[in-house]
Amino acid sequence: MSGYPVLSIIVLAPVAAALLIVLVGSHPKVPRVIALLAGVVTLVGSLAVWIGYDKVAGGFQFTESVPWIPSLGVSYSLGVDGISVPMLLLTSIVIFTGVLVSWNVETRPREFFALLLLLVTGVFGVFAARDAFLLFFFYEMAVLPMYLLIAIWGSTRKEYSAMKLTLFLFAGSAVLILLLVLAYWQVGQGTFDLGVWSAYRFTDQFQMWGFLLALVGFGALIPIFPLHTWSPDGHVAAPTAVSMIHAGVLLKIGAYGLIRLGMMLFPHGAHDWAYLVIGIGVVNIVYGAFCAMSQTDLKYVIGYSSVSHMGYVLLGLGIGGRFALTGAVFQMFAHGIMTGLFFALIGFIYEQTHTRAIAEISGLMHRTPLVAACFIIAAASSMGLPSTAGFVAELLVYVGVVTQSVWVAAAAFVGVVVTAAYLLRLLGRILLGEPSDAVLPIHDATPLRFAPMAILAATIMFVGILPNSMFTMITSGILPLLRRLAGG
Amino acid sequence: MGGTAQAVAYLWPELIVAITGALILVIDLFLPRVGEEGASSRSWLAYVGVAGLAVAAVATAARAGVETTLFDGIIVLDGLATYFTFLFLGIGALSLLLAANSVPRFTRWPAEYYALVVWCTLGHMVLASAGELFTIFVTLQLTSLPLIILIGYAKRSGKSGEAALKYLLLVLVSTAVLAYGMSLIYGSLGTSTISEIALQLGKAERIDSVVALGLVLLLTGFAFKITAAPFHYWVPDTYEGAPTPTTAFMSVGSKFAGFALALRIIVATTHVQLDWPLIFGVMAALSMTIGNLGAIRQVNIKRMLAYSGIAQAGYLLVGVAALSAAGVASILFYSVAYTLANLAAFGTIINVAKATRSAEIEGYAGLAKRAPLVALTAAIALLSLGGLPLLGGFMAKFYVFLTAAHEGLIWLVAIGVINSVISMYYYMRVIYVIYVREGDTEPLVLDPSATLASAVCVAGVLALGLFPEYAFRLANEAAAVLFR
């Protein structure tokens, strides 16, 4: 379009920055500056894609393709559609704010930022890949640095959590390897090009198994019940920026993969397993919400709320139809920003008070009004209150669900009620009342610390108030999927 | 064929290697006598060996296009032989680099060590192009005998001697099994040339059960060599007890010498009414599972790599079970990826052992601070062994699985991918110790040649992971030779 390989710039800028950090980052402050520059490049790039994407034309745009391993039919092939563009934007916002949040990382900053950026390249790569092999390649690249990021910079049973996360995700990717290998021979054209794969009509039998493999493989990362147990542990153990990226964007790779490889390739399979996906979605929503309610650690609350909120994505994908699917993708974006904000806030509170125990925190409103305001915005989005991104997403999903099944809607609605209950109670405990001993000495965030929170909160509000900014984009990406699901 | 003289003219690479080994010994003879401490002043002799192998590689490149048989089929020169010859020369050269400075630390006679590595490489090279059973038999001894000495080289370490004894017994048993298998085949078919055997088996309606038994015994002999289950019991003890440079050398050298041979014989006998895919599939599944489960419990990194080597033999056998040109190509690609990653890992072990005098995994704590680059090479090597994208090991595994799935061995692929998850656990655990655990902070004094070898290997691992196309093409061309 513009003549610049903008997607390559977005995907490769972080890894290039990571290499640069490894080479020149011996000064403790240099890595974060390089990381921030990479964040700016990806943010500007993603905004350019966002603005430049032709929503009327739809389809894959900004495409690039270079043969990579011709003998296997693998190519470095990038392109984005209406589903990927919001994900690129989400990732670049979260990484940009994540670098800001990590500004004061003092333990081995060089390795920290290098790994963070490597991970982000993997995430961008997944969202931009148009080749199944490439997508998987980037997927793995996003998973591995997580291990070291948690094991070295984490807290609370970090070694256990890191290993648990890694093994779960590798188990998921093992299933995906199997899927890739089988699909490759089924298509039989010696290519991993997703365009070719989407055009191929897989047998019904193959679709049934193929979708199940995709559901289990990507589901480990979404995370679907009962493969979710690594997730809260992982969120809690991870350092702030990593929690943000982890819950904010990494989980989306799972859902994105399920759409791209599961539903696009195996629409019949998606149909066969729709009830399973819906069922898991409802369980995720309700079970996650109840678990969140009984937690005493702030991070665990948000960790389990992620399990719950990703349930809406599953519910939307399982229900299908225009509203539910749009809602699912909308929720992927909304949840990413919202959870990023939550973890940024909790990171700040923890840094200041050295505790995440809900019982020890109260009266934040008095000492840190700006932070408290952001907390309210994040919670509002999480509860699905109007004028926030979460509202639009949940509404769309519910509209989709109600038209299909009132019972499913009613079951899922339990989750909404429980979510409202635990979040309101949480807000009351930590924001209101007299400042506790831990909260008493702290002050509101400095402008630098507040900037990332403000950016994330503003995004939530912006998308919530002007949902059309996101809606038309996502719809343009959903339409081909709808046609596919309808058997076209 | 233009007589012996012309045949010999084709064998320049082998002659150069033979002469190189002798040259090292002759030079050593003229050097002044040294005591224990002076042994390290001989380490430059290893570079003589490297140079010799490099010259041999040039000679091999000059011979590359040749397709012929020499001495009535005893030696087969073709693309496959060339591919393996290059591989073995590379393994020899890298092993010499690993050994250069570390061998003088445990012996007064490093020159003999280097010479034996060179001659053992010669044995591997000849095996790569051997086309006849008795040549194979004799050449196997040429590789086994030096190895026994190399394993027992650290005389003062009791474990080294024990390992050598165990390996000696293994060699005796596998030799006996091989000899028996060969005699059965020769007795039934009246020929010992592989191409002749293939021809006869191709014509026969039904295969004599004696021949089938002979083939099975033959492959049992190789299974010892390639460290496949259930013939793997000797591996952990021998790998642990042998001096580290020897372990590095044998972990890839003798393994792939076994494969070089086995591939020719297996492909030549595809007509036999033996269910090769099932036999090798079961062997692969056993090797992968036993190797990976065994590796989990190890606290000594050499033992861990021994078990990992058993598992890796399993992945390679998945390619054998596929029994297709692509399957063989995937093994060829895998052999290079595994060699590079494994030797890089052993380079790290040599570096760390220099400081800690042990190969316990706990000794790696804090390595990331003591020697960041060594830590990085170790991490990359281990991740490649585990099969992580970006790295050669991933491409290799993926390719093997891809070819096996094409032949319908989906159950085997499934077992393979499950195993690769298990393997990530123990590879990651070492990385955890290296990067997370606090340990000594004193900077590590590096072994220059071993570090160089590791660096070369890691560069290769990255190159294979990111730009595998060229290697894929070479492997495919070499594999196609067997299927004409």
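Two residues are in contact when they have heavy atoms within 4.5 Å of each other. With that in hand, select the place where the two chains meet: 32 residues from chain A and 32 residues from chain B take part.

Before going further, note that this is a predicted model, in which local features need pLDDT of at least 70 and side-chain atom pairs count only at pLDDT 80 or more, while totals for chains, interfaces and linings use all residues. Residues are numbered from 1 along each chain as its sequence is written, chains are lettered from A in the order in which they are written, and side-chain values use heavy atoms, without hydrogens or water.

**The interface**

About 3100 Å² is buried between chain A and chain B, 84% of it from carbon and sulfur atoms; this is the accessible area (1.4 Å probe) lost on putting the two together, summed over both. Now show A:Arg108, A:Phe137 and A:Trp185, the residues of chain A that lose the most area to chain B.

**The core**

Next, pick out A:Phe133, A:Trp197 and B:Tyr435, which are among the residues with the most contacts inside the largest nonpolar core, a set of 377 residues. Such a core joins buried Ala, Val, Leu, Ile, Met, Phe, Trp, Tyr and Cys through side-chain atoms within 4.5 Å, buried being under 20% relative accessible area (1.4 Å probe, protein chains only).

Finally, zoom in on A:Trp197: its neighbours include A:Leu180, A:Tyr184, A:Phe202 and A:Leu265, leaving aside residues up to four places away in sequence.

Note on methods. Buried < 20%, exposed > 50% of the residue type's maximum accessible area, 1.4 Å probe, protein only.
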